[in-house]
Amino acid sequence: MIVAHLDMDAFFAAVEELEHPELRGKPLVVGGDPHGRGVVATANYEARAFGIHSAMSAAEALRRCPHATFIRPSSGRYREYSRAVWEVVREVTPTVERLGLDEGYLDLGEVAADIGEARVLARAVQAAVRAATSLSCSLGVASCKVVAKVASDRRKPGGVTVVRPGQEAAFLAPFPIRRLPGIGPRAEERLRAAGIETVAALAALDDGALGRLLPGKVGALMRDRARGIDLRPLEPVSEAGSISCEETFAQDIADRERLHDELRRMATRLAEHLGRSGRTARTVTTKVRYPDFSIRSRSFSLPVGTADAERIGKLACGLLDRALRDRPGALRLAGVGVSGFDAYQQLELKA
């Protein structure tokens with residue numbers, strides 16, 4: 001098994017910097033009201049230099065960096081970028097277990113013959129994500145999930161850390177026990193009270209000491225992980241919650257009418273698909289890719305689903321106009337997607 005853990009670098013903050021370029025290079029905190037009871041969701045690396053981190057109170061973040069910019073999270077925008085990230089990741093390695101908007105495991109073993117090829121693929125994933133979204137990610141590559149997850153945090157931002165087979169325990173050994181996935185605050189407190197400070201010390205515990213400190217199956221599981229043993233397989237989740245149609249143009253297109261024609265054609269194909277499957281869709285999404293490979297997507301949700309090609313096309317064209325209003329220019333690719341499916345219901349009119 002060769003698995004990679006992909007973790008987007010300061011994802012929410014990075015998306016905000018893309019949408020608001022004037023914020024780049026300045027301390028930025030995404031979270032709640034710093035003058036109330038808000039909590040930090042994430043912070044960019046300029047803000048982290050002041051000791052700001054996720055789950056910290058926003059008031060404390062403001063105290064540490066009074067000149068930081070605070071932005072409330074925009075979940076819809078983050079979902080759009082996340083969708084673009086995972087679409088391009090699946091083009092490199094199809095089997096993915098997503099853990100959230102900004103992290104997940106990739107099965108590199110199904111496309112790489114050995115750990116050397118896996119390193120090359122990890123770099124390819126990074127390049128594809130950056131080209132498609134202008135966002136940065138870090139990856140850890142190893143023989144199991146726990147080692148890959150710890151490794152992905154080793155060279156942030158934008159790093160790739162590869163742990164070769166047989167080196168798992170040695171790689172984990174020097175880390176503090178809190179870095180081992182599965183060790184919560186209570187377990188950490190109990191272990192530290194017994195002088196167990198590092199992953200190596202946890203790995204070295206005999207059965208008797210382990211049973212006293214972490215009784216039951218949890219203790220054995222954590223010791224195995226400390227030794228670099230983790231038999232969990234990837235658990236990919238079906239992504240059949242949307243259908244889309246897109247086209248990469250032979251030459252970049254700037255003419256708005258031509259782009260509208262392309263979107264209407266795609267909308268017709270999607271409407272035909274919906275009709276065949278007996279469904280309607282409530283959400284329409286337009287995706288555009290610029291010559292520099294950056295992506296923008298815009299979505300609109302209807303109160304009631306539709307399978308009408310004209311309506312889907314009109315919405316798609318309006319969303320394209322929104323995207324181009326935010327960033328004008330020629331396009332390398334355009335696409336339309338629909339989601340939020342309902343079963344189609346035919347209403348009967350009675351005399």
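This is a predicted model: local features need pLDDT of at least 70, side-chain atom pairs count only at pLDDT 80 or more; totals for chains, interfaces and linings use all residues.

**Contacts and labels**

Mentor: Start with a contact list. Val89 touches Leu6, Val96, Leu106, Val125 and Val129, leaving aside residues up to four places away in sequence.

Trainee: Which residues touch the most other members of the largest nonpolar core?

Mentor: Leu6, Val89, Leu106, Leu135, Leu139 and Val141 do, in a core of 40 residues. E1, H1, strand E2 (28-31), H4, helix H5 (115-133), strand E7 (137-142) and strand E8 (160-162) each supply at least two of its residues. H5 gives the largest share, 8 residues. A second, separate core has 30 residues, Tyr105, Ala148, Ala151 and Leu202 among them.

Trainee: What makes a set of residues a nonpolar core?

Mentor: Its members must be buried Ala, Val, Leu, Ile, Met, Phe, Trp, Tyr or Cys residues, joined through side-chain atoms within 4.5 Å.

Trainee: Why does Ala10 count as buried?

Mentor: Check the cut-offs: buried is under 20% relative accessible area, exposed is over 50%, and partly exposed is in between (1.4 Å probe, protein chains only). Ala10 has 7%, so Ala10 is buried. Ala10 lies in the loop between E1 and H1. Its phi is near 45°, a positive value in a residue other than glycine.

Trainee: Why is Ser134 called partly exposed?

Mentor: Ser134 stands at 31% relative accessibility, so "partly exposed" is the label. Ser134 is in the loop between H5 and E7. Phi of Ser134 is also positive, near 65°.

Trainee: And what label does Arg256 get, and why?

Mentor: Arg256 has a relative accessible area of 36%, so Arg256 is partly exposed too. Arg256 sits in helix H12 (residues 256-277). Leaving aside residues up to four places away in sequence, Arg256 touches Leu320, Asp321 and Leu324.

Trainee: How do you know that H1 is mostly covered?

Mentor: Count its residues: 7 of the 9 are buried. They are Phe11, Ala13, Ala14, Val15, Glu16, Glu17 and Leu18. Over the whole protein, 46% of the 351 residues count as buried.

Trainee: What makes a stretch a helix or a strand?

Mentor: Both are DSSP runs, numbered from the N terminus: helices are H or I with at least four residues, strands are E with at least two. This protein has 13 helices and 12 strands.

Trainee: What makes a space a pocket, and what makes it a cavity?

Mentor: Work on a 1 Å grid over the protein atoms alone. In a cavity, a 1.4 Å probe fits but cannot get out; a pocket is an open set with protein on both sides within 12 Å along at least five of seven lines; lining residues have an atom within 4 Å of a point. Points join across faces, edges and corners, and a volume is the space filled by probe spheres set on them. The largest pocket has about 650 Å³. Its lining has 27 residues, and Arg79, Arg83, Ala84, Glu87 and Ser242 are the closest to its centre. H4 gives the largest share of that lining, 9 residues.

Trainee: How many cavities of 30 Å³ or more are found?

Mentor: A search of the whole structure finds 1. The largest cavity holds about 40 Å³. Its lining is Glu80, Tyr81, Ala84, Ile295, Arg296 and Ser297. H4 and E11 each give two or more residues to that lining.

Trainee: How does that lining divide by class?

Mentor: Into 3 nonpolar, 1 polar and 2 charged. Nonpolar means Ala, Val, Leu, Ile, Met, Phe, Trp, Tyr, Cys and Pro; charged means Asp, Glu, Lys and Arg; the others, Gly among them, are polar.

Conventions: Residues are numbered from 1 along each chain as its sequence is written. Side-chain values use heavy atoms; hydrogens and water are left out. Contact means heavy atoms within 4.5 Å.
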